[in-house]
Amino acid sequence: MPVRGVESGQDWAPVNAGRGGLMGARPAAPKNAREVSMLKAAGVLTTEKRHGAGGNKSAHSATALSVRKLEEADDVGTLAKVDKSLSKAIMQARTAKKMTQKELATAINEKPQVVAEYESGKAIPNGQIISKLERQLGVKLPRPGKSTAPPKTGATGTGTTAVKTGAAGVTRGGPPKRR
């Protein structure tokens, strides 16, 4: 029988099993703004801005709503502001409870600037914030009114609406009420 070299099946070459190997190594994260800008310029790195990430602000704070409503507004200058009667009512109810603006804001989980904007009349009305104020202050606050539609005119154009009379009672412009 001929004698051959015995293959043991083992590879005696060094193997790096850690993260510091040369094959498949990831580039190190940039340490400062200068390195970030250099990598961006080279096209190696891209960044994206996450809006609202890492902040400690209310989900429905007045500033976020005012920016969103400004973006959604069709024509300039038509955003509704807080009515002076609402501003006065909030201020009077707060002083009657002997609270500061900061204490009231803390009690309703909003920023003190929100309460200040409502009392100065600069805020855009938000029903959720107004209901929080009502609960905390224990008063019914005047709500901002909705715009009313102009009255409908009849077929003759006289400005009167058609009146139906029936067994269910008087209704205007619609089917009789069900009970």
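User: What percentage of the 179 residues in the protein is made up of buried residues?

Analyst: The structure is a predicted model, and burial is judged here by relative accessible area, with under 20% counting as buried. Among the 179 residues of the protein, the buried residues make up 20%.

User: In what order do the elements of the protein run from the N terminus on?

Analyst: The secondary structure comes to six helices and two strands. Read from the N terminus on, these elements follow the order α-α-α-α-α-α-β-β.

User: With which residues is Leu-133 in contact, leaving aside its neighbours within four places in sequence?

Analyst: Leu-133 is one of the core residues that touch the most other members, a group that also includes Ile-90, Leu-104 and Leu-141. Once the neighbours within four places in sequence are left aside, the contacts of Leu-133 are with Ile-90, Leu-104, Ile-108, Gly-138 and Leu-141.

User: Is Ile-130 buried or exposed, and at what relative accessibility?

Analyst: Ile-130 has its place in helix H6, and leaving aside neighbours within four places in sequence, Ile-130 is in contact with Leu-86, Tyr-118, Pro-125, Leu-141, Arg-143 and Pro-144. The C-alpha atoms of Ile-130 and Ile-90 are 9.3 Å apart in space, although the two residues are 40 apart in sequence. Because the cut-off for burial is under 20%, Ile-130 counts as buried, at a relative accessibility of 1%.

User: Why are the buried residues of H5 on the same side of the helix, and what arc do they cover?

Analyst: The buried residues of H5 are Val-114, Val-115, Tyr-118 and Glu-119. They lie on the same side of H5 because the arc that they cover around the axis is only 130°.

User: How are H3 and H5 oriented to each other?

Analyst: Two packed helices are described by the angle between their axes and the distance between the axes. The axes of H3 and H5 come within 7 Å and cross at roughly 125°. Since angles over 145 degrees count as roughly antiparallel and those from 65 to 115 as roughly perpendicular, the orientation of H3 and H5 to each other is therefore oblique.

User: How do the residues of the contact of H3 with H5 divide into nonpolar, polar and charged?

Analyst: On the H3 side the contact involves Lys-84, Leu-86, Ser-87, Ile-90, Met-91 and Arg-94, which meet Tyr-118, Glu-119 and Ser-120 in H5. The residues of this contact divide into four nonpolar, two polar and three charged.

User: What distance separates the C-alpha atoms of Glu-119 and Ser-87?

Analyst: Glu-119 has its place in helix H5 and is buried, with a relative accessible area of 8%. Leaving aside neighbours within four places in sequence, Glu-119 is in contact with Ser-87, Ile-90, Met-91, Arg-94 and Gln-101. Glu-119 and Ser-87 are 32 residues apart along the chain, and the distance that separates their C-alpha atoms is 4.4 Å.

User: What relative accessible area does Lys-98 have?

Analyst: Lys-98 is found in the loop between H3 and H4, and its phi is near 55°, a positive value in a residue other than glycine. Lys-98 is exposed, with a relative accessible area of 75%.

User: Where is Asn-109 found?

Analyst: Asn-109 is not a glycine, yet it has a positive phi of about 60°. At 61% relative accessibility, Asn-109 counts as exposed. Asn-109 is found in the loop between H4 and H5.

User: Is Asn-126 buried or exposed, and with what relative accessible area?

Analyst: Asn-126 is found in the loop between H5 and H6. Asn-126 is buried, with a relative accessible area of 10%.

Technical notes. Residues are numbered from 1 along each chain as its sequence is written. This is a predicted model: local features need pLDDT of at least 70, side-chain atom pairs count only at pLDDT 80 or more; totals for chains, interfaces and linings use all residues. Side-chain values use heavy atoms; hydrogens and water are left out. A nonpolar core is a set of buried Ala, Val, Leu, Ile, Met, Phe, Trp, Tyr and Cys residues joined through side-chain atoms within 4.5 Å. Buried means under 20% relative accessible area, exposed over 50%, partly exposed in between (1.4 Å probe, protein chains only). Contact means heavy atoms within 4.5 Å. Helices (H or I, at least four residues) and strands (E, at least two) are DSSP runs, numbered from the N terminus. The arc is that of the directions from the helix axis to the C-beta atoms. Axes are lines fitted to C-alpha atoms, for helices over the stretch in contact, and angles run from 0 to 180 degrees between N-to-C directions. Angles under 35 degrees count as roughly parallel, over 145 as roughly antiparallel, 65 to 115 as roughly perpendicular and the rest as oblique. Ala, Val, Leu, Ile, Met, Phe, Trp, Tyr, Cys and Pro count as nonpolar, Asp, Glu, Lys and Arg as charged, and the others, Gly among them, as polar.
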